[in-house]
Amino acid sequence: MKSALQIARAAYQPKLPKALQGPVVAKEGKPTQSVDNQEEIKALFPNTYGMPVITFEAGEETTTDPFNVGIILSGGQAPGGHNVISGLYDGVKSLNKDSKLYGFLMGPGGLVDHKYVEFTDQFIDEYRNTGGFDIIGSGRTKLEKEAQFESGIEILRQLGIKALVIIGGDDSNTNACVLAEYYAAKKYGVQVIGCPKTIDGDLKNEQIETSFGFDTACKTYSELIGNIQRDCNSARKYWHFIKLMGRSASHIALECALQTQPNACLISEEVEAKAMSLDDVVTYLAEIVAARAAEGNNFGTVLVPEGLIEFIPAIKKLIAELNEVLTDPETGESRVFASKDEQVRFVKGNIAKENLEVLESLPKDVELQLCLDRDPHGNVQVSLIETEKLLSAMVAKKLAQWKEEGKYNGKFSAQHHFFGYEGRCAAPSNYDADYCYSLGFNASRLIANGKTGYMSIIQNTTAPAAEWVAGGVPITMMMNMERRNGAMKPVIRKALVELDGAPFRFFASKRAEWAKETAYVYPGPIQYWGPTEVCDQPTKTLQLEKR
């Protein structure tokens with residue numbers, strides 16, 4: 001059974017850049033180098049380093065032999081993934097109707113375990129313009145071991161696959177680059193292409209304007225924030241602390257603030273740059289609450305990025321040491337303990353005195369979360385720390401102290417929200433539907449032109465879709481060396497919020513006004529039909545960056 005929206009949305013034909021609407025020719029730029037650690041990256045990727053940036057332009061009709069492609073959805077979900085697949089499917093079929101597309105099930109593990117499905121017209125048509133990754137599922141298996149690569153080549157050869165497309169974030173595309181280098185070194189004849197996916201928005205640079213899914217997720221969250229703000233301005237008795245996804249960067253929080261104009265929005269990168277303590281952050285928020293209370297406004301909204309606590313310098317230093325001591329140096333895996341108590345004792349007995357003092361200064365539940373909860377890579381699961389509740393409790397405590405001192409005479413009552421999964425599988429906006437379809441279609445052209453170790457990119461996306469620019473960027477160009485699990489590894493550099501960038505500067509120029517006034521904006525739900533200014537607008541972030 002399908003909803004009325006699903007039925008109507010299935011008929012939408014995503015827009016393509018003009019250059020991809022017919023035959024293409026690849027124009028090559030100058031040789032590239034990595035963003036840092038050039039010698040180390042070049043030594044690790046001798047076969048895929050230094051390649052040029054590619055731009056596609058209209059070309060002449062040519063005949064293409066049939067070729068088979070595999071595709072993998074890796075990591076967390078992001079709106080538009082199904083359109084990347086449908087764009088790739090249509091792209092390979094447009095080159096030769098006998099070409100085939102295979103999907104590996106449940107992420108990279110499907111490649112290793114030889115679990116796959118072949119796409120057909122009927123199969124693909126069920127998922128066009130829909131949210132989620134349920135067409136083949138996703139997973140977080142890391143492709144980094146030779147045994148995995150060799151298992152993968154077995155099924156790729158069996159299916160006659162000449163190219164593998166990996167849809168993922170910075171870690172997944174780093175793995176794609178490692179796989180491309182391995183297959184190139186072995187002369188296996190299998191190309192590997194990446195696609196930039198993450199709602200967090202931290203996979204972006206001069207070549208990648210935005211990662212897909214960011215647009216839809218932020219619009220989804222902004223609708224919810226707007227709804228809360230309407231309720232907030234109606235009841236006028238609650239402060240709503242709203243935590244948003246974004247562990248490594250605050251792009252989502254910043255974009256949602258630009259769309260909804262809350263009373264406060266914390267930006268993790270600014271907190272770190274100013275070396276703010278937890279008490280500094282709490283004082284900043286308490287001052288906003290007190291100032292509004294003085295005007296008779298005992299209500300408001302605060303946006304909090306989920307990774308905030310990790311950007312507070314003292315806590316960041318603590319977490320870095322926790323990640324080190326809880327990793328076995330011989331295996332690189334997380335240490336195993338007989339009980340939680342044993343793990344906490346081990347942590348407290350093996351970290352520096354100053355870090356122990358910071359740990360024990362935190363509320364007991366946060367202390368335990370930092371000591372115990374780890375992700376599959378052995379890192380602290382920051383998203384599990386209820387930062388929004390921690391902040392509101394500490395604000396309440398400070399306000400109570402100020403009330404005793406005669407500095408505050410208002411009422412403070414908090415509500416808490418965490419918006420995460422609500423945005424990851426939303427039906428893609430027109431922007432993401434078009435952008436993702438173009439990324440997939442473009443990947444077919446990179447494959448047809450024999451490229452490997454490239455990421456599919458679409459640029460100039462604040463212009464009408466016909467004017468978008470299609471091409472590819474070498475993944476090595478985006479890499480540097482970083483310490484992961486106690487060892488230096490090549491990774492794609494994450495893009496943080498730039499404090500001198502136009503989006504943050506605009507926000508900074510307005511936040512004092514938004515803190516004092518009730519200047520809420522209510523974006524409403526994503527619209528798919530209607531005026532262009534309602535349906536096809538990119539994010540505020542992109543618009544400000546491209547001014």
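In this predicted model, Asp-434 is buried, with a relative accessible area of 3%. Its salt-bridge partner is Lys-15, and the closest N and O atoms of the two are 2.8 Å apart. Because Lys-15 lies in the loop between helix H1 (4-10) and strand E1 (24-31), while Asp-434 belongs to helix H19 (residues 430-448), the pair ties together parts that are 419 residues apart in sequence. Lys-15 itself is partly exposed, at a relative accessible area of 33%.

A search of the whole structure finds 25 salt bridges, and the table lists three of them.

| Salt bridge | N to O distance |
|---|---|
| Lys-15 and Asp-434 | 2.8 Å |
| Asp-170 and Lys-494 | 2.9 Å |
| Glu-354 and Lys-317 | 2.5 Å |

Another element to follow is helix H17 (residues 387-404), whose 18 residues reach 26 Å from the first C-alpha to the last, close to the 26 Å expected at 1.5 Å a residue. Its buried residues include Leu-390, Leu-391, Val-395 and Trp-402, and among the elements that cover the buried residues of H17 are helix H11 (278-294) and strand E11 (414-419). Just after H17, Gly-406 takes a positive phi of about 80 degrees.

Note on methods
Residues numbered from 1 in each chain as written. Predicted model: local features only at pLDDT ≥ 70, side-chain atom pairs only at ≥ 80, totals over all residues. Heavy atoms only, no water. Helix = DSSP H or I, 4+ residues; strand = E, 2+ residues; numbered from the N terminus. Expected span 1.5 Å × (residues − 1). Buried < 20%, exposed > 50% of the residue type's maximum accessible area, 1.4 Å probe, protein only. Contact = heavy atoms within 4.5 Å. Salt bridge = Lys/Arg side-chain N within 4 Å of Asp/Glu carboxyl O.
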